[in-house]
Amino acid sequence: PRRFKCNRFRKHMRYSQPVTQGKMQPVAGKYDIYIAGSDQIWNPLFPNGKDPAFYLDFALHGIRASYAASFAVDEFPQELREVTAQYLKRFDHIAVREKSGLSVLKTLGITNAVTVLDPVFLLDRAQWETMAEKPERCEAPYLLVYDFDNSPAVCKLAGRIAAERGLHIYSVFKIPYAERCFSLCGPENFLGLVQGADFVLSNSFHATAFSVIFEREFAVVERTEKINTRMRDFTTMLGLSDHMVTTETEIPAGTDWTAVRRCLKDEIDHAKAYIDEVLRDVER
């Protein structure tokens, strides 16, 4: 059911025919621009971070660019640096999602990269609201938990926040302390759950991103894996580093959404200017 709902979400997008690994030849010289992105496509802890296709090695000609690519780690493994640097030096434009990504790129000899926002921010709040569908049985005020790790810290914080604010606990995944779990929900329901929450507690970058888009109060707990740079960089960029919490820290009392909107606008304008620059490169 969940895979079906994810596939159904594609009605909101326009796709070419998909190309599977090992069958890249038909698209190798077909396009003027090839863009790699986004999210953790260059995470060296994942198979895709070692896959040449995610570094556009198949493209025979045309502009090679990345948009909001994420390494998601602070340090790139020494044994992968040389080959990865060779792939990246073929790019005409490189944009990563986190400032920490710029530091990683410098260790690979790449110094002309920029940072841009995750692509979810290229659509405005109103556009995402048209896609959001709140699941049934979500009438009561609730705290939404999105926890990849079944984390004891998230469990403890969820209980504390729910008690302090008089909230029910709902979860995207199955966890024992949640009153309702929506583990089979699709993207529309995920958006609806975040949009309708009174508070979002997560260790997910995109739960954090959509909390910001829908202006929901939130807190972020670090993952057990070493892939926390994207959440730390994102909250710091917005002046919300106090929203990265532990069981020992205070939960932020509220968020200055006016200041966040102002910061986001500048970053969105910068991201769109980068895309325009890549498109102009085709005309040169």
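The side chains of E98 and R97 are joined by a polar contact of 2.8 Å. A polar contact is a pair of N or O atoms within 3.5 Å; within protein, one must be able to donate a hydrogen and the other to accept it, and residues adjacent in sequence count only if both atoms are side-chain atoms. The model is predicted: local features need pLDDT of at least 70, side-chain atom pairs count only at pLDDT 80 or more, and totals for chains, interfaces and linings use all residues. Residues are numbered from 1 along each chain as its sequence is written, and side-chain values use heavy atoms, with hydrogens and water left out.

- E98 sits in the loop between β3 (95-96) and α3 (99-107). Helices (H or I, at least four residues) and strands (E, at least two) are DSSP runs, numbered from the N terminus.
- E98 counts as buried because its relative accessibility is 2%. Buried means under 20% relative accessible area, exposed over 50%, and partly exposed in between (1.4 Å probe, protein chains only).
- Beyond its neighbours within four places in sequence, E98 is in contact with S70, F71, A72, T115, T229, R230 and D233. Contact means heavy atoms within 4.5 Å.
- R97 lies over the face of F205, 4.0 Å from the ring centre. A charge sits over a ring if NZ of Lys or CZ of Arg is within 6 Å of the ring centre and within 35 degrees of the ring normal.

**Aromatic pairs**

- The whole structure holds 19 aromatic pairs. Rings of Phe, Tyr and Trp (its six-membered ring) pair if their centres lie within 6.5 Å; planes under 30 degrees apart count as stacked, over 60 as edge-to-face and the rest as tilted.
- One of these pairs is W42 with F71, tilted, at 5.6 Å centre to centre and 45° between the planes.
- W42 is in the loop between β1 (33-36) and β2 (63-66), and F71 in the loop between β2 and α2 (78-88), so this pair ties together parts 29 residues apart in sequence.
- Both partners are buried: W42 has 0% relative accessibility, and F71 has a relative accessible area of 1%.
- W42 also pairs with F91; the ring centres are 5.8 Å apart and the planes at 90°, so the pair is edge-to-face.
- F91 lies in the loop between α2 and β3, so its pair with W42 ties together parts 49 residues apart in sequence. F91 is buried too, at 8%.
- Ring pairs also link W128, Y146, F148, F173, F190, F210 and F214 into a cluster.

**Nonpolar cores**

- The largest nonpolar core has 39 residues. Such a core is a set of buried Ala, Val, Leu, Ile, Met, Phe, Trp, Tyr and Cys residues joined through side-chain atoms within 4.5 Å.
- F121, W128, L144, F210 and V212 have the most contacts inside this core.
- Elements that each supply at least two of its residues include α4 (125-131), β5 (142-146) and α9 (257-283). The largest share, six residues, comes from α7.
- Not counting residues up to four places away in sequence, W128 touches F9, V120, L123, L191, F210, I213 and F214.
- A second, separate core of 26 residues includes M24, Y34, V73 and L80.

**Whole chain**

- The protein chain has nine helices and nine strands.
- Buried residues make up 48% of its 284 residues.
- Its C-alpha trace spans about 60 × 40 × 35 Å along the principal axes.
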